[in-house]
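Please bring up the sequence and the structure on your own screens, and I shall then go through selected features.

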Amino acid sequence: MRIDTTFLRSKVAHRIFLLFIICAIVPMTSLAIISFIQVASQLEDQSLTQIHQDVMVKWMSIYDRLLSVEAEMKALSSHILRDYETKKDTPPRQLYSRQMYNQLLQRFRSLSIIKGDRVMPLVGHIEKIPPLRAGQRQHMSSGKPLIFTQNYPDQTTSIFMGIQIDSEHSGQGLLIAEIKPSYLWGIDREIFPETTKLCILDQSNHVLFSSLPSCLTPSLIKALSSMHPSSTNFEWTDGTTQYLASSSYVFLKERFFEPTWTLVMSETKTHAKAPIANFKKTFILVFIMSIFTILFLSISQIRKTLVPLDKLRESTQRIAKGDFGSRVTVKSGDEFEDLATSFNSMTLQIDKQFKELAAMANIDCSILSVLNVEKIVETFFSHIGDIFPCDSAGACLLNTMNNTWHNYIRPSSCESSVRKETINLCPEEIQTLYDNPKYLLMYLYEGLPRYLHYFIQQGMESFLVMPIFLDKRLSAIITLAHKKTHEYSQESLAHARQLSDRMAVALSNTHLIEELNQFNIGTLTALARIVDAKSPWTAGHSERVAEIGTRIGREIGLPQPELDVLTKAGLLHDIGKISIPSKILNKPWKLTKEEFRVIQEHPLTGVRILKPIIPYAETIPIVLQHHERFDGKGYPDGICGENIVLGARILALADTFDAMTSDRPYRKGMKVEKVIEVIKAESGRQFDPKLVQAFLKIISEENKEEEGKEGYK
């Protein structure tokens, strides 16, 4: 949907819009930038704090497990030694239950008692116990547990815990346990995200445990070594991925005699800063939405204020240019809407008056330029709604030839079809119209005149009837009908009467033109009879040629104006024969070459006679060429084919047919059947083949009509 923004082009709109920008968008943008920086910094600090908290929790978890292992070993040592001393012959494995043995397997890879060189395995088997230093033995002799590690070439490390045991019967010994890494590091219990990595190093940076691939550990150790001593958080990279890391120390020296372990928790920078990235996307989206909301509200308010003004301004400009149909639609619910309503009321009145004037002028132009009665009626029906809205309209016209009336009715204002019927009016109905020469108002009751019967069938109840008089004789009746009882104002009655007067002028012009045409055709017929009167053998020839030619023209679909020209040319085609001596026209035997040359001059003579008469200019080419042949062997110019005008080709065929079927001084008229055979034979030579086909169709239809009449008789 296209949004109209033309109202933003005004200076007032620019000022209001700038005010919104300064008061809303600038402060909001500044606040948004400050908020974004602070929140992003806080989220980054939270990410680092969370990593540090995770590593501290891990540290506490590992330390708690070491204490748990210590307690387990002390409890186990007292229990096993007591049973072992009382049951010397019992294997160590059988000194405790299966459930207890399974519990030990969850914590220890192996568990053994060492006395001197003797090793008594309790759980699993210790391949090789690393030698203990004097300081380590002294630490255990004080009753404290000892943690020590053993590094292997495959870069794995075993973690041992040992405690000293004393027995009254057996003396001193050691309980040495290899702790399971999965238990100590909590691998089976604590689940970290795929992006979080844990690495535990001893004091010599030997890897005790790492969830990182072994190839990445050196990069971590290098970054850890270069870290500031007072810092716990740092960053490192493996070349492709960046990590945020936090370290913590597990102090074991005091209790377990083991130097400090270092725990490092690493998380990919992308994952650690994901909340920042999500916040950034959300923040930008919210910011953009806020901007658009502000813009929308500002433009909405500007539009609500300026659009009505802009519409009123544009409407006044259109009215100044003559567009009186301009309307303003304002739904603001304020003074602008009241102003628009008053403006529309004013323009409605102006538009109505100018439309009526324009419609009258248009009707004048349309009706007065039409000379055909049915065209006048059609034009009247198409324009009546502009002047006098009605549900139906009718025009009843007098046919002076037989004194009958042709009633033309448009059944509905929304229909374009016109119904035509022929009716007779009684003297009383006609006299009523003479008594009311301006208009007559009628309503539905019995005894309405015949020309209103069809309106009644259509459900009309109110009628405005206006008679039209030509030469003081009733010539037409105009009817405007409504479905319900209608009150007519004096203004509407005056407009309707003006329209009827224009119809009267148009019908009067039509009658005058018809009289002129009849006079014209009568004059041409008289001229044709004068020419044909020179020879008793050609009496009526020109009229018959005109009739036959017109029928051929109608058969091939010529429009009425061309048919009228063809009729005139048919009557005048032999007018040049008026200069030919009667002895040549009536000669009963073959003409000499000189006499035939005189005959051949009659088309040119006809052209010279008609040339000064401008209204007959269209007939001249036909008169000149009506003796030309389709094959080019005719006269006077010997032209051929379609170079010969169509009217001349038609009259050539009509002229030949009438001449061959009529008696001549030198022969009797031929039968129609024989003439048709000759015409068929000359198709394409003397005559146009297409016209021959049309002529033969006319003859065939005449024969069928004759046969039908004979069969009826």
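Let me begin with a question: does R685 count as buried, partly exposed or exposed? R685 counts as partly exposed, at 43% relative accessibility. Here buried means under 20% relative accessible area, exposed means over 50%, and partly exposed lies in between, with a 1.4 Å probe and protein chains only.

Some conventions are needed before I continue. This is a predicted model, in which local features need pLDDT of at least 70 and side-chain atom pairs count only at pLDDT 80 or more, whereas totals for chains, interfaces and linings use all residues. Residues are numbered from 1 along each chain as its sequence is written, and side-chain values use heavy atoms, with hydrogens and water left out.

I turn now to salt bridges. The term denotes a side-chain nitrogen of Lys or Arg within 4 Å of a carboxyl oxygen of Asp or Glu. By this rule there are 13 salt bridges. R685 takes part in one of them, with the side chain of E682, at 3.4 Å from N to O. E682 itself is buried, its relative accessible area being 18%.

A second example is the salt bridge between the side chains of D658 and R544, with 2.5 Å from N to O. Because D658 lies in helix α20 (residues 646-661) and R544 in helix α14 (residues 541-555), this pair ties together parts that are 114 residues apart in sequence. Helices here are DSSP runs of H or I with at least four residues, strands are runs of E with at least two, and both are numbered from the N terminus. D658 counts as buried at 3% relative accessibility, while R544 is partly exposed at 30%.

The side chains of K74 and E70 form a salt bridge of 3.0 Å, N to O. What separates these two residues along helix α1? They are four residues apart in α1 (residues 11-86), which means about one helical turn. K74 is partly exposed, with a relative accessible area of 37%, and E70 is buried at 4%.

Next, the sheet. Six strands form an open, antiparallel sheet in the order β13-β12-β11-β16-β15-β14. Two strands are taken to pair if DSSP finds at least two bridges between them. Strands β13 (419-423) and β14 stand at the edges with a single partner strand each, so one side of each has no neighbour in the sheet. On average, neighbouring strands of this sheet are turned by 20° against each other, direction ignored. The axes behind such angles are lines fitted to C-alpha atoms, for helices over the stretch in contact, and angles run from 0 to 180 degrees between N-to-C directions.

Strand β14 runs antiparallel to β15 (residues 462-470), and four bridges join the two. Within β15, L464 is the bridge partner of L441. L464 also stands opposite L480 in β16. Nine bridges join β15 to β16 (residues 473-482), again with antiparallel strands. Helix α11 (residues 427-435) lies across β14, β15 and β16, and runs at about 85° to β16. Contact means heavy atoms within 4.5 Å.

Some backbone details deserve attention. Where is the cis peptide bond? The bond joins Y635 and P636, with omega about 10°. P636 is placed in the loop between α19 (620-625) and α20. N205 has a positive phi, near 60°, although the residue is not glycine. N205 sits in the loop between β6 (196-201) and β7 (207-210). F257, likewise not a glycine, has a positive phi near 65°, and is in the loop between α6 (253-256) and β10 (261-268).

Finally, the cysteines. How many disulfides does a search of the whole structure find? The search finds zero, a disulfide being a pair of cysteine sulfur atoms within 2.5 Å. Among the cysteines, C199 is buried at 1% relative accessibility, and C640 is partly exposed at 35%. Thank you for your attention.
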